[in-house]
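The sequence and the structure come first, and the notes follow.

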Amino acid sequence: MSARHMAQGTRPKETARLNPHAKHPAAVEPKMPMPGLLKLIVALIALNLIACTTSIALCVLQGEAAATLPDAIVGCALDLGLLVGVIRRQPNARTMGVTLLAMSITFSVASYAGTASPNLLEIVGTNIPDLLLLLYFATSTKFKMYLGIIPSTYRVDGRGLRISPKTGRPYTPGILKAFCAYLTLGSFFLLMTLVATSRDIVSYSPTLLLRFADLVFTALFLWMTVRRLRVGRAWIVFFTLFNMGVGTLGLFVTGELEPITQAVSMVPDALLLAYALFSRKLRGFYTEDFTLELDRELSEDSSDPWHYKISRRGWPFVRNLAIYYCVFSLMGHWMECAFCTLIRLGLVHGDFDPSNTMLWRDWFYPFPMEGLAAVGIALVLHPLWQWLRQHIRNNVPVYLLSFLANMAFCTAIEYVMGQFVNADLQLWNYSDMPFNFQGMICLQNAVGFGLVASLIAWIVYPIMEWYIARIPHNVMSVAFVAILAAYAIPQTLYLTDPPVPAEVSLRQILDDPDSTDEERAEAQRDLDKLGELERQKEEAHAQIEAQKAAEKGAGNQP
């Protein structure tokens with residue numbers, strides 16, 4: 001204590017000091033200064049806010065009621081909130097920034113998809129600033145340190161990886177983040193392109209099929225990266241070599257190989273391959289083993305499917321439901337084809353449309369109604385059957401009541417779905433069938449649905465769950481990710497109609513003076529294809545009407 005404080009009988013003010021050797025330092029860790037890149041981003045947001053505010057003020061002063069004025073006001077408010085959040089180091093500023101940028105990119109892609117001829121390069125070029133900002137907000141470790149989301153102190157291991165003081169695990173390397181973002185955006189733009197493409201004119205070229213496989217490979221790569229599995233490096237090597245080798249071979253076989261163009265397109269794969277082979281940081285990041293542990297231990301009474309008790313809690317049950325929905329949506333399509341084939345052979349009463357390209361041409365067109373029915377069987381009908389078996393000793397009423405419940409449940413799904421997608425009876429029409437209701441449902445199909453649902457609820461579903469319980473957790477996770485990624489392809493291509501009808505879009509290409517000769521020739525070929533489809537449909541409908549008239553005439557004869 002100083003002499004001045006001793007004379008005044010006071011004590012000096014205590015100041016906090018940072019003691020690196022103490023277990024609980026008295027001082028608060030000093031705040032990290034704003035990174036240089038973030039300063040540039042803040043300046044750009046501020047300039048954009050000033051420009052937008054000035055534009056709004058001019059519109060108001062001049063009395064112009066611009067159609068985009070409400071959107072501009074909302075955009076200014078959101079930019080202001082983001083700017084204030086970043087300056088005040090609010091942790092939710094990162095979430096807000098990611099959300100706003102993702103919405104901006106989504107709306108931009110949707111607006112381009114609604115044009116006559118969506119150009120992938122133009123879409124990417126327009127959204128590059130937002131994509132770079134999104135990448136920075138989502139992946140920058142320095143940005144998270146600045147906001148206080150993670151501590152600004154860390155140690156570095158022998159490979160140069162920064163180790164998190166909270167988890168003791170290395171942060172994701174920046175180059176790996178960039179590759180993950182690149183592959184994710186490529187998959188996203190592929191799906192958006194499928195949304196904007198009519199299923200009647202899509203051309204399944206080797207390049208497109210390779211991009212479909214790439215989508216599944218990317219999903220598995222991202223899952224392995226999130227789980228930090230050692231097999232991730234081997235997977236990167238496999239799918240980059242697959243892309244370069246199979247892609248080049250496919251173009252060579254079809255005679256479309258252009259060496260320079262193909263070499264440029266292989267640059268990202270080559271860079272990722274080199275990174276996987278030679279990066280010490282990547283080798284140190286993938287540290288977890290691909291274990292073969294089961295979801296849960298099997299009890300002694302699970303030696304056969306009929307005594308196995310299905311667990312209806314936790315992630316494995318939800319994962320299995322998603323798999324059932326995807327798989328049975330496709331299997332339901334093929335079952336519909338089989339049923340219509342029975343009608344064609346005269347074994348079952350009913351009508352079918354031979355010109356229905358959704359049914360007879362697009363073999364991977366998913367039928368969501370059948371997928372929902374499979375989920376309903378797992379959630380409702382199979383548990384109901386088990387409950388009846390436990391409370392009723394006689395098997396006859398058990399199976400009879402279960403069959404009636406299955407029939408009613410599936411028929412209700414068909415009727416409810418029909419109200420949304422078949423209001424004008426354009427997809428199916430049972431008006432000529434006996435015991436029909438509003439043309440949406442009929443007794444014959446209700447019985448058929450009941451039989452199929454009973455077969456699944458009593459036999460197929462218990463056997464599937466019994467076998468899946470014996471598959472390791474990581475193997476099922478790989479299957480889940482692959483199935484979900486593969487299902488996204490027909491979901492976006494078939495179940496989502498393009499914003500602009502294909503014929504209108506193609507004629508706009510022909511009328512556009514800026515279209516190249518190659519684009520016009522391709523558009524004309526697609527128009528001819530659509531015309532041929534319409535002609536085949538008209539001929540098929542004429543044959544159906546003639547057949548109905550002949551049957552009606554034969555029925556009226558004495």
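The notes below go from the overall make-up to single residues.

The structure is a predicted model, in which local features need pLDDT of at least 70 and side-chain atom pairs count only at pLDDT 80 or more, while totals for chains, interfaces and linings use all residues. Residues are numbered from 1 along each chain as its sequence is written, and side-chain values use heavy atoms, with hydrogens and water left out.

**Overall make-up**

- The protein has 21 helices and four strands; helices (H or I, at least four residues) and strands (E, at least two) are DSSP runs, numbered from the N terminus.
- The protein has 558 residues, and 36% of them count as buried. Buried means under 20% relative accessible area, exposed means over 50%, and partly exposed is in between (1.4 Å probe, protein chains only).
- The accessible surface of the protein comes to about 32500 Å², and carbon and sulfur atoms account for 64% of this area. Accessible areas come from the Shrake-Rupley method with a 1.4 Å probe, and for residues only the protein chains shown count as cover.
- Of the contacts (heavy atoms within 4.5 Å) between residues at least 6 apart in sequence, 69% join residues at least 24 apart.

**Nonpolar cores**

- In soluble globular proteins, nonpolar side chains tend to be buried together.
- A nonpolar core is a set of buried Ala, Val, Leu, Ile, Met, Phe, Trp, Tyr and Cys residues joined through side-chain atoms within 4.5 Å.
- The largest nonpolar core here has 52 residues, and Leu176 and Phe221 have the most contacts inside it. Helix α18 (residues 443-468) gives the largest share of this core, eight residues.
- Not counting residues up to four places away in sequence, Phe221 touches Leu176, Cys180, Leu183, Trp235, Ile236, Phe239 and Tyr286.
- A second, separate core has 24 residues, among them Ala72, Leu83, Val109 and Phe137.

**Nonpolar surface patch**

- Leu37, Leu40, Leu44, Leu47 and Ile50 make a nonpolar surface patch of about 510 Å².
- Patches are made of residues with over 30% relative accessible area and no salt bridge; like charges are joined within 9 Å, and nonpolar side chains (Val, Leu, Ile, Met, Phe, Trp, Tyr) within 5 Å.
- Leu37, one of the patch residues, is found in helix α2 (residues 36-61). With a relative accessible area of 47%, Leu37 is partly exposed.

**Salt bridge**

- Side chains of opposite charge can pair when their charged atoms come close.
- A search of the whole structure finds one salt bridge, defined as a side-chain nitrogen of Lys or Arg within 4 Å of a carboxyl oxygen of Asp or Glu.
- Asp289 forms a salt bridge with Arg230, and the closest N and O atoms are 2.7 Å apart. Asp289 lies in the loop between α13 (280-285) and α14 (315-344), and Arg230 lies in the loop between α9 (206-227) and α10 (231-254), so the pair ties together parts that are 59 residues apart in sequence.
- Asp289 is partly exposed at 47% relative accessibility, and Arg230 is partly exposed at 47%.

**Cysteines**

- A disulfide is a covalent bond between the sulfur atoms of two cysteines; the cut-off used is a pair of cysteine sulfur atoms within 2.5 Å.
- The structure holds zero disulfides. The cysteine sulfur closest to that of Cys337 is in Cys340, 6.8 Å away, which is too far for a bond.
- Cys337 is buried at 4% relative accessibility, and Cys340 is buried at 11%.

**Backbone angles**

- Most residues other than glycine have a negative phi, and most peptide bonds are trans.
- Arg89 is not a glycine but has a positive phi of about 60°. Arg89 lies in the loop between α3 (69-87) and α4 (92-113).
- Arg228 is not a glycine but has a positive phi of about 55°. Arg228 is placed in the loop between α9 and α10 and is buried, with a relative accessible area of 12%.

- Arg319 lies in helix α14 and is buried, with a relative accessible area of 0%. Leaving aside neighbours within four places in sequence, Arg319 is in contact with Asp295, Ile468, His473, Met476 and Phe480.
- Ser187 lies in helix α8 (residues 174-195) and is buried at 11% relative accessible area. Not counting residues up to four places away in sequence, Ser187 touches Leu215 and Thr218.
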